[in-house]
Amino acid sequence: MESILVLTHADESGSALSKGSLEAVTAGKELAARLGASLVIGIVAADAKAAACVLASAGARLMGVSGEAFAQARYASDAAACEALCRAANSSIVVAPPGSRMARVAAGVAHRLGGVIDTHITALGGAECVEATRWFYRQRVEGTITRDARPWFLLLDAGTHTAFEGAMSDVHVEQVAVELPALRTSVNGFREPLKDAQTIRPDARLLFVAGAGWTKKQPDGETRAVRAGELILDFLRLTGASLGSSKSLVDQGGDGQPVLPFLTHMNQVGQTGSTPRHAKGLSTCCHGEEPHVVGWRFIGERRAISLDPNCGWTRGKADVVYVADAFQVMARVNELLAARKE
Ligand SMILES: Cc1cc2nc3c(=O)[nH]c(=O)nc-3n(C[C@H](O)[C@H](O)[C@H](O)COP(=O)(O)OP(=O)(O)OC[C@H]3O[C@@H](n4cnc5c(N)ncnc54)[C@H](O)[C@@H]3O)c2cc1C
């Protein structure tokens, strides 16, 4: 009989669980229900009891590690906290939330417990035994893994489960004592890139994709890369959308052609790029070829603006295609958005 531990931690506010943690709670609850297994939720936070208030209706035994040392992400304290929670819960399956904090320590903790780990898990299935699903080779091959070794750590990918929602209520949290090793790292704070500099926003509802057309010669024979950059950044500022790109556009820097300075290969969506998850997507100046559109697999509603009435988007890959000049359309869209903001 399996027993399940979901590891969670507080977000930057310190008093609430991170979104990834709440996604892991959903995954753990569903798995426990399917297997008829017991469920423990472990919380790492400055005040685990406060952070656990949302878990009153989760139907799980709650264990926590509390203290100032656990307010911040740091390998030594996080690994010690997770190890203590795993030993106290003694579960055969450990579900860990997405995010850098757990990604950093999960493999080390699995090793300390003599267990095994699989990462980038997108689904947990199986009625008789646990089956974990993940993508390989840039989302080209999907694999389902089963293992006999225990404890088995499963580090989830973000956005693969809905975040658990529960009414806030007082809860009982069993506090687990942790013997901290000597801490050589002190966390002085965070330095984040300016909002405008950070164009990849996994939590945004909208993905805005820029294609190579933005920097190509336009019908009047001119290139307008600077204007393109202004329109795109204005739109991102006004909407908070995440910025994706086609491969052709991000490759242009290496080819000595006009580039958009804020784009890197990290923005590339597609077969050899990323497969982001956003509710909606808007493609602009992009042809919609299969190696690009395959990266839109998890995008719900799709719209495109292209001058070419025969582009890939018009062939069933988008819900709505505007056959129009994206420079004109986006200038007008930005005007409307700015007016609405005022
Ligand atoms: C093995 C392999 C892997 C690949 N992996 C990827 C990948 O991961 N991601 C990816 O994106 N590609 C990938 N590609 C490349 C892919 O096949 C296409 O070449 C690429 O997506 C084309 O980019 P694009 O549509 O931006 O550029 P283009 O094909 O140059 O299209 C530009 C479009 O912009 C339109 N346009 C121009 N001006 C305007 C305007 N003013 N208003 C509106 N529309 C305008 C044009 O009509 C045209 O349709 C891969 C290819 C291979 C062979």
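The model is predicted, and local features need pLDDT of at least 70, side-chain atom pairs count only at pLDDT 80 or more, and totals for chains, interfaces and linings use all residues. Residues are numbered from 1 along each chain as its sequence is written.

The chain contains eight helices and 14 strands, and 41% of its 342 residues count as buried. Its C-alpha atoms fill a box of roughly 70 × 45 × 40 Å, taken along the principal axes. Contacts were assigned where the C-beta atoms of two residues, placed from the backbone, lie within 7 Å; among those between residues at least 6 apart in sequence, 67% join residues at least 24 apart.

Helix 3 comprises 15 residues (75-89), which at 1.5 Å a residue should span 21 Å, in agreement with the 21 Å that separates its end C-alpha atoms; the expected span is 1.5 Å times one less than the number of residues. The buried positions of helix 3 are Ser 77, Asp 78, Ala 80, Ala 81, Cys 82, Ala 84, Leu 85, Cys 86 and Ala 89. Just after the helix, Asn 90 adopts a positive phi of about 50 degrees. Leu 85 is also one of the residues with the most contacts inside the largest nonpolar core, which has 61 residues, the others being Ile 41, Val 95, Ala 96 and Leu 154. Such a core is a set of buried Ala, Val, Leu, Ile, Met, Phe, Trp, Tyr and Cys residues joined through C-beta atoms within 7 Å. When neighbours within four places in sequence are left aside, Leu 85 is in contact with Leu 5, Leu 7, Gly 42, Met 63, Val 65 and Val 176. Another core, of 31 residues, lies apart from this one and has Ile 232, Trp 296, Ala 304 and Ala 318 among its members.

Two open sheets were examined, with strands taken as paired if DSSP finds at least two bridges between them. One, of nine strands, has the order 7-6-5-8-4-1-2-3-9 and mixed pairing; its edge strands, each pairing on one side only, are strand 7 (141-145) and strand 9 (174-175). Within this sheet, strand 4 and strand 8 (residues 152-156) run parallel and are joined by four bridges, and Val 95 stands opposite Leu 154 in strand 8. Helix 4 packs on the sheet, where it touches strand 1, strand 4, strand 5 (116-125) and strand 8, and its direction makes about 170 degrees with that of strand 8. For such angles, axes are lines fitted to C-alpha atoms, for helices over the stretch in contact, and values run from 0 to 180 degrees between N-to-C directions.

The other open sheet has five strands in the order 11-10-12-13-14, with parallel pairing. Strand 11 (242-245) and strand 14 form its edges, each pairing on one side only, and the twist averages 20 degrees from one strand to the next. Five bridges pair strand 10 with strand 12 in the parallel sense, Ala 210 having Thr 284 as its bridge partner in strand 12. Strand 12 (residues 280-284) is likewise joined to strand 13 by five bridges in a parallel run, with Arg 303 of strand 13 as the bridge partner of Leu 282. Arg 303 in turn stands opposite Val 320 in strand 14, and strands 13 and 14 (the latter residues 320-323) pair in the parallel sense over four bridges.

Ser 283, which lies in strand 12, is buried, with 31 other C-beta atoms within 10 Å. Residues up to four places away in sequence not being counted, Ser 283 touches Val 209, Gly 211, Gly 288, Ala 304, Trp 313 and Ala 318. By contrast, Gly 221, in the loop between strand 10 (206-210) and helix 5 (225-239), is exposed, with 6 other C-beta atoms within 10 Å.

Gly 211 is also among the residues that come nearest to the ligand, together with Gly 213, Ser 246, Gly 270 and His 292, out of 30 residues around it; a residue is near a molecule if its C-beta atom, placed from the backbone, lies within 6 Å of it. Helix 6 (247-251), helix 7 (290-293), strand 13 (301-306) and helix 8 (326-341) each supply at least two residues of this shell, to which helix 6 gives the most, with three residues.

How values were computed. A residue is buried if 20 or more other C-beta atoms lie within 10 Å of its own, exposed if 12 or fewer, and partly exposed in between; C-beta atoms are placed from the backbone.
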